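Open the model in your viewer and keep the selection panel at hand. The tour goes stop by stop, with what to select and what is there.

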There are 2 protein chains.
Amino acid sequence: MSADRPGREPAGLEQEFALACPTPIPPGDTILLGHGSGGRLSSDLLRGIFLAAFDDPELRRLNDAAVLDADGIRLAFTTDAFVVQPPFFPGADIGSLSVYGTVNDLAMVGAKPRFLAASFVLEEGFATKDLERIVRSMAEACRRSSVRLVTGDTKVVERGSGDGVFVITSAIGTVPDGIQVAPERTRPGDVVVVSGPVGAHGVAVMSRRAGVAFEVDVESDSAPLTDLVESALAAGDVHALRDATRGGVATVLNELAAAASVSIVLDEQAVPVPEPVRAACETLGLDPLYVANEGVFVGTVGPDGADAVLGALQAHPRGRDARIVGHVEPGAPAVHLRTSLGVTRPLLMLTGDQLPRIC
Amino acid sequence: MSADRPGREPAGLEQEFALACPTPIPPGDTILLGHGSGGRLSSDLLRGIFLAAFDDPELRRLNDAAVLDADGIRLAFTTDAFVVQPPFFPGADIGSLSVYGTVNDLAMVGAKPRFLAASFVLEEGFATKDLERIVRSMAEACRRSSVRLVTGDTKVVERGSGDGVFVITSAIGTVPDGIQVAPERTRPGDVVVVSGPVGAHGVAVMSRRAGVAFEVDVESDSAPLTDLVESALAAGDVHALRDATRGGVATVLNELAAAASVSIVLDEQAVPVPEPVRAACETLGLDPLYVANEGVFVGTVGPDGADAVLGALQAHPRGRDARIVGHVEPGAPAVHLRTSLGVTRPLLMLTGDQLPRIC
């Protein structure tokens, strides 16, 4: 963990970083752990190196999944590398996580998952029984997600050149007719919803990490979101969805604000944070708004349908604790937090490497 | 490299392993480098762990790419993890390799590449300029392959938990109407073709590997095969295609023999092996038939159209050295090599870890 806690910089820096998507800082000479955090450094690396080389309009949208026309049908396509450490943690493991994480990226564009591909990078000496356990967990997650694993690859690297197991999944979904969900559809007047309590995944993983491990009654929220999203889409005018993984709710809201060129106001007291998560975060010096979730999304909804969407979410077992947590205003792209003390301050993207290897 | 050289076992073992797809040996307690070799151990791991958990008919076909129906269109879907060491080598690098390798898997089912996804697992401390070079190489390879990179992910692991850079690509292709190319379509009477000279990729990578490096005038054959395959498909009755990557021509022919339940006879003298590759293989104690290629495929073709297919291949710049190298017979699934000495012996799957981390 870094001492560099986002949103806690002195006032001068806050001003400098207040824009949701500031001019990228060029990456330095070497890759840092923070480049994988999902926050500011990840975004700068993406824009400084990847977007500089690949000038594709769909890639440039930086959405959770690309939405593509293939001979008249709308496909969604996404990939994620899972390097979570440790690979087994309360409530889930790298196997189920690699399925739900990718299926959820499809759900964030309103797609139904269809086909999954999985690549494994194994370290020589990895226990075969652990691999079997991971693969069985993936198979169960595929069943729960109604997705077929249809192709795969396995590579092995020498001892010391990997870290047990990395799982890289990609998935194809199909987007039903009439569904249009995209970050840039967010507009002033929208209501911001969060689909469930935040922070559980990150705390569950950290509670088992070597050198930090502690006792806490928190399980990862890792779960498929397809059904929950379908309920929301059927209930009202959902504009944008994003699952609050690396970088947490704060980072994801900054991404939505940047994509739609709007200002988002988040009401700190409205965000559901389970008490054990809050306590663990205080002990670890973490802000729950930056902790990764693997079964929680934020969404922006047109104001007229917001109550219906909230009701539909709360009627679903995984959306019971859904809340309206903020609203969208016109203005320069930024996120502001109305704190429990009644003051409002900029809520920045994650800037350090608060929780490396959390997914 | 292992002393365990395939096809060189004493006669008793040869008999035991003569079937192209023998009963899998259960994986031991830990993962070995050989489990990533693409040969016998990879196959056993795949069948012992992955197929045991995922009972999907398309996965079970073990094809280079899955062919899937999505709302009436035929999609091809594939994934590959690239862990080649070193990442830069004569003629190519991990960037272009990760594009061509995946595009070529699509070509092997007759699909046109459409969309690519790329995940990166970077080790903390990896040089940013090397990442930039890799990404630029990928972009150029995408242009040459007419495929769009539309989505991606980047993760970073701590120093010592990775090995510089791993690139994992997945791709979607569309299969044109009327195209039916699949290993199980191979039948007795078919002619076996190889699209180009074999062994260059493996030798080029080994020539730059730490601890083995040597001077040799060989460049990797890494290249996109889509055009070459299109020419072949238009010219005659191509039944099956497989790119001869990990495990080389010998392993791939064993896979075709197993999938189609046929016996394949390979004429050793007909296989084009460039002289510098042959010399390097002799020095390293390798058999060129087991060395990985990244721009060469083997195919089975109905006898009537074989000359036309060979002519079409030879008319293409990357198929100039295409040859008819064998034929298919009825019989138990196996591959036999007619050697330059006129004797015939079983040609087994790669059984050891001849060239770990070659792609």
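Select Val191(B) first: opposite this residue, in β12(B), stands His327(B). Bridges and strands here come from DSSP, and two strands pair if at least two bridges are found between them. Strands are DSSP runs of E with at least two residues, helices runs of H or I with at least four, all numbered from the N terminus.

Before moving on, note that this is a predicted model, in which local features need pLDDT of at least 70, side-chain atom pairs count only at pLDDT 80 or more, and totals for chains, interfaces and linings use all residues. Residues are numbered from 1 along each chain as its sequence is written, chains are lettered from A and ligands numbered from 1 in the order in which they are written, and side-chain values use heavy atoms, leaving out hydrogens and water.

**Stop 1**

Another pair to pick out is Val192(B), which stands opposite Gly326(B) in β12(B).

Which residue of β12(B) is the bridge partner of Ser263(B)? Glu329(B) is.

Seven strands of chain B form an open sheet with mixed pairing, in the order β9-β11-β8-β12-β10-β13-β14. At its edges are β9(B), residues 238-243, and β14(B), residues 344-346, each pairing on one side only. On average, neighbouring strands are turned by 25° against each other, direction ignored. Such angles are taken between axes, lines fitted to C-alpha atoms (for helices over the stretch in contact); where direction counts, they run from 0 to 180 degrees between N-to-C directions.

Touching here is contact: heavy atoms within 4.5 Å.

**Stop 1: α7 and α10**

Keep α10(B), residues 306-314, and select α7(B), residues 226-235. Their axes come within 8 Å and cross at roughly 155°. That makes α7(B) roughly antiparallel to α10(B). The cut-offs: angles under 35 degrees count as roughly parallel, over 145 as roughly antiparallel, 65 to 115 as roughly perpendicular, and the rest as oblique.

α7(B) passes α10(B) in a right-handed crossing. A crossing is right-handed if the near helix is turned clockwise from the far one by less than a right angle, and left-handed if anticlockwise.

Show side chains. From α7(B), the contact takes Leu228(B), Ser231(B), Ala232(B) and Ala235(B); from α10(B), Ala308(B), Val309(B), Ala312(B) and Leu313(B). Seven of these residues are nonpolar, one is polar and none is charged. Nonpolar covers Ala, Val, Leu, Ile, Met, Phe, Trp, Tyr, Cys and Pro; charged covers Asp, Glu, Lys and Arg; the others, Gly among them, are polar.

Jump to chain A. There, too, the axes of α7(A) and α10(A) come within 8 Å and cross at roughly 155°. The crossing of α7(A) past α10(A) is right-handed.

**Stop 2: the five-stranded sheet of chain B**

Go back to chain B and select the other sheet. Five strands form this open sheet in the order β1-β2-β7-β5-β6, with mixed pairing. β1(B), residues 66-70, and β6(B), residues 148-157, are the edges; each has a single partner strand, so one side of each has no neighbour in the sheet. Neighbouring strands are turned by 20° against each other on average, direction ignored.

Zoom to β2(B), residues 73-82, and β7(B), residues 165-174. These strands run antiparallel and are joined by eight bridges. Look for Ala76(B), opposite Gly173(B) in β7(B).

**Stop 3: between the chains**

Select α5(A), residues 128-145, with α2(B), residues 40-53. They pack at an angle of about 30°, their axes 8 Å apart. α5(A) passes α2(B) in a right-handed crossing. Among the contact residues are Leu131(A) and Val135(A) of α5(A), and Ile49(B) and Phe50(B) of α2(B). By class, this contact has seven nonpolar, one polar and two charged residues.

Finish with both chains in view.
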